[in-house]
Amino acid sequence: MAINRTEYISTRGNADALDFAGVTLTGLASDGGLYVPRHWPQFSTEEITAMRGLSYVDLAARVMAPFTAGVLDEAELKGLCATAYGSFAHQAVAPLVQLDGQHWLLELFHGPTLAFKDVALQFLGQLFDLLLEQRDEHITIVGATSGDTGSAAIDGVKNCSRVKIVILYPEGRVSDVQRRQMTTVNSPNVKTLAVNGTFDDCQDLVKAMFNNQKFREQQRLSAVNSINWARIMAQVVYYFSAAQQLASSGVSISNGVSFSVPTGNFGNVLSGWIARQMGAPIHQLIVGSNSNDILTRFFATQEMRAQSVLPTLSPSMDIQVSSNFERLLFEMNNRDGARTADQLGRFRSEGVFAVSPEQYNTWLAPVFRAARCDDARTLEVIRDVFEKTGQLIDPHTAVGVFGARQHQSADIPMVTLATAHAAKFPDAVEKATGSRPSLPAHLADLFDHEEYVTTVENDLEAVQNAVARFTSGA
Ligand SMILES: *Cc1c(COP(=O)(O)O)cnc(C)c1O
């Protein structure tokens, strides 16, 4: 029997449909849009009940299989997930910890670099290697980082045989832990470049490399940014897992479960929305923002209006535009790609676009709530959680806890996604509690390792030369 290949289409309606392998390796669609499956797969109530008691790896393969049909089957996915999640320090991969009567933390920070991005990027590294093996190809991933993504991406691919990775970071502008998580990886396929400039300079250099068609093709450049479909897909799994864990421990989920999600690029919370489309028992999704509150303002006014970015205690959420929102906008436009492209074009030129009251009432009001938590409140929440439970939470998680408390109702369990380990942001945590979180055992010797890093000028030619020397093995 022939298995139908799951097809993916662009949110801007003007690119070829691709299969799962194509969208994973391509990233951005050729019309500038993001890929989504042609249909959202759905599980029946019986299928969801049958997931109860599966290990995280088995559950991950079950949930992702409909997205990879015709390219990878459930057994192949299981193999990838077993390797990817074998690197996690907690056997449950994403354990639930109770905060109070109806509020839990879903700990997504037990991966090698202590942030939830490991859940997707450890999987993506395994996935890349398998797909490239099948096609007998190699790629070079190039990316810029202000901290979290670079280390998670490096760790995800450091053992891949068909992937090289070059990460640019602004010299002197990432934390010691973040820098060492990148520079102490001693693998022949990993290169870190310390750029004499800012994060924006690094990003501009990466963009310029991708815009240089000849260089891009010569070096087989690829990206792993948060718009990559496979990352979104891998994150869908833990929404199912959290609901299963609650049900298995006897908590009533008959009214569904709500999730509070510290949000930046809208990738994580979009994965929750997709889980809900697939049949996961999700009541509401709470979008938590820091002072960079473009999303909170959007949910209040139905108008997306860009402002400049302020630095906060939760830097991974310091964004101006949430790129993954495009996938939800496409749904809100009843999958009209031309209309979506038009709205986004207006946003780029005028810095604003609006959605209609019908769109808001149909797509947003039933599911989404929003909350804004500034730095002072973030510190208050960290202190309060520590005093009440003895737990140290990181500033991003604190934004989530704040949103959860604003929208909690008595008869619906609430799960806040804990997106980073407290030890990743020790200064803020110590400021709030007087207690300095220590690194977990698997990173305790981070400060003893030698660092491998090349310093480069903030200059396109210098950076391209460094990339070319590295990929040619010199
Ligand atoms: C990346 C990140 C976020 C934001 O996630 P998005 O998917 O971009 O919304 C939140 N918290 C931490 C710790 C992160 O690293």
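This is a predicted model: local features need pLDDT of at least 70, side-chain atom pairs count only at pLDDT 80 or more; totals for chains, interfaces and linings use all residues.
Local features require pLDDT of at least 70 and side-chain atom pairs pLDDT 80 or more, whereas totals for chains, interfaces and linings use all residues. Residues are numbered from 1 along each chain as its sequence is written, and side-chain values use heavy atoms, without hydrogens or water.

**The core**

Select Tyr85, Phe123, Phe240 and Phe368, the residues with the most contacts inside the largest nonpolar core, which has 117 residues. Such a core is a set of buried Ala, Val, Leu, Ile, Met, Phe, Trp, Tyr and Cys residues joined through side-chain atoms within 4.5 Å; buried means under 20% relative accessible area, with a 1.4 Å probe and protein chains only. Helix H10 (residues 229–248) supplies the largest share of this core, 14 residues. Helices here are DSSP runs of H or I, at least four residues long, numbered from the N terminus.

Next, centre on Phe240. Not counting residues up to four places away in sequence, Phe240 touches Phe43, Ile48, Met51, Leu59, Val63, Ala275, Met278 and Ala280, a contact being heavy atoms within 4.5 Å.

**The cavity**

Now display Leu121, Leu124, Gly125, Phe128, Ala153, Gly156, Val157 and Val224, which line the largest cavity. On a 1 Å grid over the protein atoms alone, a cavity is a set of points where a 1.4 Å probe fits but cannot get out, and lining residues have an atom within 4 Å of a point. The volume, the space filled by probe spheres set on points joined across faces, edges and corners, is about 30 Å³. Helices H5 (117–135) and H6 (148–157) each give two or more residues to this lining, and H5 provides the largest share, 4 residues.

**The pocket**

Select Pro112, Asp155, Lys158, Val185 and Leu443, which lie nearest the centre of the second largest pocket among its 21 lining residues. A pocket is an open set of grid points with protein on both sides within 12 Å along at least five of seven lines. About 360 Å³ of space lies in this one. H6 gives the most to its lining, with 3 residues.

**Gln178**

Finish at Gln178, in helix H7 (residues 176–183). Gln178 counts as buried because its relative accessibility is 7%. Beyond four places in sequence, the residues that Gln178 touches include Ser146, Ser151, Lys424 and Phe425. Show the side chain of Asp148 as well: a polar contact of 3.3 Å joins it to that of Gln178. A polar contact is a pair of N or O atoms within 3.5 Å; within protein, one must be able to donate a hydrogen and the other to accept it, and residues adjacent in sequence count only if both atoms are side-chain atoms.

How values were computed: Buried means under 20% relative accessible area, exposed over 50%, partly exposed in between (1.4 Å probe, protein chains only).
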